[in-house]
Amino acid sequence: MAGDGEQDKKPAQAGNKGLGRLSRRDVLAGLSTVPALGLFGYAWNQQHKYQQAKADAAAASPGAAANVQEINIALLGAGAQGQVLTDSMLRIPGLRFRAVCDVWTEYNQKRVVNQLKKFNHSPNAYEDYREMLDKEKELDAVVIATPDFWHSRHAVDCLKAGKHVYCEKEMSNRLEGARAMVAAARDTGKLLQIGHQRRSNPRYLHCYEKLLREAKLLGRVVTISGQWNRALAPDLGAPDRYKIPEPRLKQYGFKDMHQFRNWRWYRGLGGGPIVDLGSHQIDIYGWFLGANPTGVMASGGTLYHDPATHEWYDTAMVVYDFDTPAGPVKAFYQTQTTNGSQGYFENFMGDQGTLLISESEVYGAKLYRDPNAPAWDTWVQQGYITAPKLQEIKEKTEGVTDVRESVSPDEHKVSIVLRDPYHQPHLQNFFDTVRGKGKLNCPAEVAYESAVAVLKVNEAIEAKSRLAFRPEDFRI
Ligand SMILES: NC(=O)c1ccc[n+]([C@@H]2O[C@H](COP(=O)([O-])OP(=O)(O)OC[C@H]3O[C@@H](n4cnc5c(N)ncnc54)[C@H](O)[C@@H]3O)[C@@H](O)[C@H]2O)c1
């Protein structure tokens with residue numbers, strides 16, 4: 001077979017030193033006999049360290065002999081994501097819920113307060129966050145999961161009231177709002193973590209620190225592609241008995257119940273799927289490349305939904321230019337909301353390998369070594385990646401295969417699995433930092449850079465032309 005046989009005849013490459021005339025297939029067969037702990041030692045160790053940190057904290061949780069400082073917290077915004085964050089926070093020892101604030105007093109506020117009571121918290125319930133800040137003097141931190149257009153006001157006021165803040169992405173739907181958040185964090189000296197939770201995900205950290213920075217497995221990254229395809233979903237509603245009276249809706253910036261429930265589709269409130277979904281992944285592009293984009297082209301539109309209720313584009317196809325110290329990179333991103341096929345992932349392609357990574361366990365992280373790249377045996381032995389799944393030998397196609405066809409690379413995996421809810425490590429990182437035992441993985445300045453890159457996409461779709469970024473656009 002053209003490729004694989006050719007590879008076997010090549011002289012030993014850097015990573016193959018000392019292997020003499022053994023074929024690559026022999027080497028791989030040999031690797032499969034390395035004792036499991038040796039092979040996965042690193043990964044196991046990482047996993048163990050993470051579990052141990054949690055166990056230590058649990059042992060010191062309120063009620064136990066506490067050597068962990070208790071943190072008084074409030075949840076501001078108890079909707080779908082507020083619930084997800086609450087579920088994660090209930091698993092983190094040493095947190096005391098003092099308050100829940102939500103304008104949907106008839107439903108979301110009640111639901112979360114009742115849940116917290118079952119876990120022996122007795123939070124006070126508020127509709128107005130200013131009243132909460134006035135009355136809850138003991139609060140150390142506020143976790144914000146309100147709609148994007150409220151983030152800036154909520155975060156700035158909480159910071160100014162002397163609270164540390166964990167605020168969901170997108171940092172703000174407006175850059176001025178995001179800038180005000182950075183300024184408030186700086187002025188007050190309080191912590192502001194933005195909810196790009198992949199930045200604390202052990203799998204992403206491993207791929208960034210070990211595979212890209214240390215082992216440089218991809219070589220020179222030239223292209224990136226990524227997507228979030230989401231299946232068609234009906235608009236969100238609410239039963240009549242839980243409807244919010246109109247004056248209260250208006251007071252909090254919503255024209256009616258449909259807009260209140262589906263705010264992410266409305267201009268001035270959210271940013272549509274590119275901001276809602278794309279912001280997570282475009283953030284990873286910049287993080288992994290260690291660079292901000294220099295330009296963006298985008299095409300999109302409301303191709304399927306009713307523009308009266310879906311003001312933002314339901315489909316976007318985007319190409320970013322990056323100038324990295326290693327050279328130029330083109331990065332494609334697609335999001336659409338009419339078909340969920342193949343879900344969501346980011347795919348980094350270098351001249352030596354490819355990394356396909358996702359927050360979703362459907363993909364996890366997979367690596368493909370280019371057949372011409374130096375061997376990865378050493379990284380397999382250290383447990384950074386698993387031994388490869390050998391490509392199938394396509395005997396039947398022998399002789400028919402076009403000689404110009406590239407040989408498919410072998411597939412390796414990363415064996416680091418996040419067994420906790422996706423948001424838990426990022427929240428844990430925030431609370432560790434509040435306790436003075438860590439450093440934020442996504443502080444305001446970092447999230448701001450990502451917001452600049454993401455919010456520009458909607459402008460580029462509107463402009464129907466390439467928009468350039470200046471380096472100073474990313475600085476405050
Ligand atoms: N990190 C992630 O993976 C992730 C996932 C989903 C959503 N999010 C983010 O979380 C935030 C919330 O999204 P969601 O899906 O939970 O929306 P949601 O509409 O389900 O919840 C928003 C909640 O905020 C409340 N609210 C609205 N205005 C308020 C105000 N002024 N004061 C107090 N409460 C107010 C609403 O009553 C509602 O309960 C958004 O910023 C979203 O982008 C992040």
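Close-up 1. Trp150 is buried at a relative accessible area of 9%, where buried means under 20% relative accessible area, exposed over 50% and partly exposed in between, using a 1.4 Å probe and protein chains only. This is a predicted model, in which local features need pLDDT of at least 70 and side-chain atom pairs count only at pLDDT 80 or more, while totals for chains, interfaces and linings use all residues. Residues are numbered from 1 along each chain as its sequence is written, and side-chain values use heavy atoms, with hydrogens and water left out. Rings of Phe, Tyr and Trp (its six-membered ring) pair if their centres lie within 6.5 Å; planes under 30 degrees apart count as stacked, over 60 as edge-to-face and the rest as tilted. By this rule there are 22 aromatic pairs. With ring centres 5.9 Å apart and planes at 50°, Phe149 and Trp150 make a tilted pair. Both belong to one aromatic cluster, formed by Trp104, Tyr107, Phe149, Trp150, Tyr242, Tyr252, Phe254 and Phe260.

**Close-up 2. Arg267 over the ring of Trp312.** Here the charged end of Arg267 sits over the Trp312 ring, 4.2 Å from its centre. A charge sits over a ring if NZ of Lys or CZ of Arg is within 6 Å of the ring centre and within 35 degrees of the ring normal.

**Close-up 3. Helix 8 against helix 16.** Helices (H or I, at least four residues) and strands (E, at least two) are DSSP runs, numbered from the N terminus. Helix 8 (residues 175-188) packs with helix 16 (residues 444-463) at about 175°, their axes 10 Å apart; axes are lines fitted to C-alpha atoms, for helices over the stretch in contact, and angles run from 0 to 180 degrees between N-to-C directions. The two helices are therefore roughly antiparallel (angles under 35 degrees count as roughly parallel, over 145 as roughly antiparallel, 65 to 115 as roughly perpendicular and the rest as oblique). Helix 8 brings Leu175, Ala178, Arg179, Val182 and Arg186 to the contact, and helix 16 brings Ala444, Glu445, Tyr448, Ala451, Val452 and Leu455; contact means heavy atoms within 4.5 Å. By class, these residues are eight nonpolar, no polar and three charged (Ala, Val, Leu, Ile, Met, Phe, Trp, Tyr, Cys and Pro count as nonpolar, Asp, Glu, Lys and Arg as charged, and the others, Gly among them, as polar).

Close-up 4. The axes of helix 4 (residues 80-89) and helix 5 (residues 108-118) come within 11 Å and cross at roughly 10°, so the two are roughly parallel. Gln83, Thr86 and Asp87 of helix 4 meet Arg111, Val112, Gln115 and Leu116 of helix 5, a contact of two nonpolar, three polar and two charged residues. Among the buried residues of helix 4 are Gly82, Leu85 and Met89. Turning to helix 5, we find Gln109 there, buried at 8% relative accessibility. Beyond its neighbours within four places in sequence, Gln109 contacts Val100, Asp102, Trp104, Ala125, Tyr126 and Glu127.

Close-up 5. The peptide bond from Lys169 to Glu170 is cis, with omega near -15°, and Glu170 lies in the loop between strand 5 and helix 8. Lys216, in the loop between helix 9 (202-214) and strand 7 (221-229), has a positive phi of about 50° without being a glycine. Gln342 has a positive phi too, near 65°, and its loop runs between strand 10 (327-336) and strand 11 (344-350). Lys216 is exposed, with a relative accessible area of 53%, and Gln342 is exposed at 55%.
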